[in-house]
Amino acid sequence: MTVLGSIDGTVAATERAWLTIAGEVEGENTSTAAWRPYSLQNAMGGAFAGLSDAQRAQMEERMEMMSEMIGDGADNPLAQMFGGGGEDQVQLRIMGVDPEAERILRQGGLTIELPAFSVEDMDQLLVGSNEAEIAYHKNFGEDDAMGFYASSHDVGTAATVSFDRLEIVEGGGFAAGTFEGTLCPIRALMGGDPDPEVCILVAGLFETELGEEKADTPVSRTIN
């Protein structure tokens, strides 16, 4: 594996350090920090898994009809919602792995993800803070409660990222900045009203090179 960069911060007042890496996984080159093209077709691609050829063809036909109805007008709100409007949209994921974990892609990892954004409007991300989703996998075997912690804006937890530098170019790029958020156990989030006492605060900074993923590569591929 090649080290792309680092993430340093605190989780529940405990100092942590992660690495972003790249290398070959299951015969394919992949990066834990990467951007990928986004569109309605890409977002719906996982829905085709397990379908028969006839069912897949039917779904694709319906999606083509939807695309024609949406159109490419920049002022069309549906086009903006589904990645149209003539703008190239991408999704960004920065996942730090714990180099001391026995299984670095499954234990102790911190993941920062941004909603799809337009490359044409990328400069706006450099001004102020941006809504994000942050998740943390606690190391198995720790003395306190183990599990998966995440942010969820739907139930009031906050998570943001501020960029000092962000470059999205063919083949890769670069990202540097800070992050902070309130993360709650996934079981508490599923209840819809998590007790603040069970949630944790995370904050820190990151600096990493970025890889480029194929449009049909699932966002969560490197952490499955």
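These entries go from the ground rules to the whole chain, then to the strands and the cores.

**Ground rules.** I am working from a predicted model, where local features need pLDDT of at least 70 and side-chain atom pairs count only at pLDDT 80 or more, while totals for chains, interfaces and linings use all residues. Residues are numbered from 1 along each chain as its sequence is written, and side-chain values use heavy atoms, with hydrogens and water left out.

**Whole chain.** I found 4 helices and 12 strands in the protein chain (DSSP runs numbered from the N terminus, helices being H or I of at least four residues and strands E of at least two). Of its 224 residues, 41% count as buried, meaning under 20% relative accessible area with a 1.4 Å probe, protein chains only. I also looked at contacts (heavy atoms within 4.5 Å): among those with a separation of 6 or more, 62% link residues 24 or more positions apart.

**E1 and its partners.** I call two strands paired if DSSP finds at least two bridges between them. E1 pairs with strand E2 (residues 14-25) in the antiparallel sense over 9 bridges. The two form a hairpin with 2 residues between them, and Ala12 in the turn has a positive phi of about 50 degrees. Val11 has Thr14 of E2 as its bridge partner. E1 also runs antiparallel to E12, joined by 7 bridges, and there Ser6 is partnered with Glu207.

**E5.** I noted that 7 of the 8 residues of E5 are buried, so this strand is largely enclosed by the rest of the structure. E4 is joined to E5 by 6 antiparallel bridges, with Tyr38 partnered with Gln89. E5 and E6 are antiparallel too, through 7 bridges; Ile94 is the bridge partner of Ile112.

**Cores.** Next I checked the nonpolar cores, each a set of buried Ala, Val, Leu, Ile, Met, Phe, Trp, Tyr and Cys residues joined through side-chain atoms within 4.5 Å. The largest has 30 residues, and Ile94, Ile112 and Phe163 are among those with the most contacts inside it. Strands that each supply at least two residues of this core include E1 (2-11), E5 (89-96), E10 (159-169) and E12 (200-212). The largest share, 5 residues, comes from E10. Which residues does Leu166 touch, leaving aside its neighbours within four places in sequence? I listed Leu92, Phe117, Met122, Leu125, Leu126, Phe174 and Ala175. A second, separate core of 5 residues includes Ala135, Ala150, Leu189 and Cys199.

Technical notes: Buried < 20%, exposed > 50% of the residue type's maximum accessible area, 1.4 Å probe, protein only.
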